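Let us walk through a protein model together. Keep the sequence and the 3D view side by side as you read.

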Amino acid sequence: MERRDFIRTNCLACLGWSTILTTLTGCISAYYAKQVDFKQNNLIVKKSEFVEIKKDKKIIRNVIVAKYEKLGFPIALFRLGEEQYSAVYLECTHQGNEVQPHGDYLVCEGHGSEFDNKGKVTQGPAEKPLRTFMVKTDQENIYIDLS
Ligand code: FES
């Protein structure tokens, strides 16, 4: 194989792998809480929803999504610390598309706005922060106050 063919073949292979990896990374979707209850104007999510067991190892998710049929959009629930959470409504303030969690931040596929884990705009075109909700906890649950 000539040097030029070798370089061309290997560059195409590298390009292919990087495209696949980029696509797979983009496809990793957020975990949706299996059980979301509604009581006295609160969405109730079990803290255990943040726990994932992988190969006998306990992993704590940094974000889960709570969906409730009476809300137009889901809510991202970020774990900020041991007993600290933020609840961010996933309706983009730019033109109303659904915002998606990507690790520790949120992205709107509509026009590329980005928000931090407290709903603050980090990249436009959106100018206003996402709606957020008060959050309380007890031993077992997280309560998202919708009032
Ligand atoms: S609707 Fe979200 S950036 Fe435009």
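Start inside. The largest nonpolar core has 20 residues, and Leu 43, Val 45, Ile 75, Leu 77 and Ile 144 touch the most other members. A nonpolar core is a set of buried Ala, Val, Leu, Ile, Met, Phe, Trp, Tyr and Cys residues joined through side-chain atoms within 4.5 Å. Buried means under 20% relative accessible area, exposed means over 50%, and partly exposed lies in between (1.4 Å probe, protein chains only). The elements that give two or more residues to this core are strand 3 (42-46), strand 6 (63-66), strand 7 (75-81), strand 8 (84-89) and strand 14 (141-145). Strand 8 gives the most, with three residues. Strands are DSSP runs of E with at least two residues, helices are runs of H or I with at least four, and both are numbered from the N terminus.

This is a predicted model: local features need pLDDT of at least 70, side-chain atom pairs count only at pLDDT 80 or more, and totals for chains, interfaces and linings use all residues. Residues are numbered from 1 along each chain as its sequence is written, and side-chain values use heavy atoms, with hydrogens and water left out.

Now pick out Ile 144. Leaving aside neighbours within four places in sequence, Ile 144 is in contact with Asn 41, Asn 42, Leu 43, Val 45, Ile 75, Leu 77, Ala 87, Phe 133 and Met 134. Contact means heavy atoms within 4.5 Å. In soluble globular proteins, nonpolar side chains tend to be buried together.

Is Leu 71 buried or exposed? Its relative accessibility is 18%, so Leu 71 counts as buried. Again leaving aside neighbours within four places, Leu 71 is in contact with Leu 43, Tyr 89 and Leu 146. Leu 71 and Leu 146 are 75 residues apart along the chain, yet their C-alpha atoms are separated by 9.7 Å.

Step back to the whole chain. Of its 147 residues, 32% count as buried. Among contacts with a separation of 6 or more, 42% join residues 24 or more positions apart.

How are the strands arranged? Eight of them form an open sheet in the order 1-6-7-8-13-14-3-2, with mixed pairing. Two strands pair if DSSP finds at least two bridges between them. The edge strands are strand 1 (31-32) and strand 2 (36-39), and each pairs on one side only. Strand 2 and strand 3 run antiparallel, joined by four bridges. Lys 39 stands opposite Asn 42 in strand 3. The hairpin of these two strands has two residues between the strands, and there Gln 40 takes a positive phi near 45 degrees.

Another four strands form an open sheet in the order 9-10-11-12, with antiparallel pairing. Strand 9 (99-102) and strand 12 (121-123) stand at the edges with a single partner strand each, so one side of each has no neighbour in the sheet. Two bridges join strand 10 (residues 105-108) to strand 11 (residues 114-115). Leu 106 has Phe 115 in strand 11 as its bridge partner.

Next come the charges. Side chains of opposite charge can pair when their charged atoms come close. How many salt bridges does a search of the whole structure find? The search finds four. A salt bridge is a side-chain nitrogen of Lys or Arg within 4 Å of a carboxyl oxygen of Asp or Glu. Lys 46 and Glu 140 form one of them, at 3.7 Å from N to O. Lys 46 lies in strand 3 and Glu 140 in the loop between strand 13 and strand 14, so the pair ties together parts that are 94 residues apart in sequence.

Glu 83 forms a salt bridge with Lys 47, with the closest N and O atoms 2.9 Å apart. Glu 83 sits in the loop between strand 7 and strand 8 and Lys 47 in the loop between strand 3 and strand 4, so this pair ties together parts 36 residues apart in sequence. Glu 83 is partly exposed at 44% relative accessible area, whereas Lys 47 is buried at 15%.
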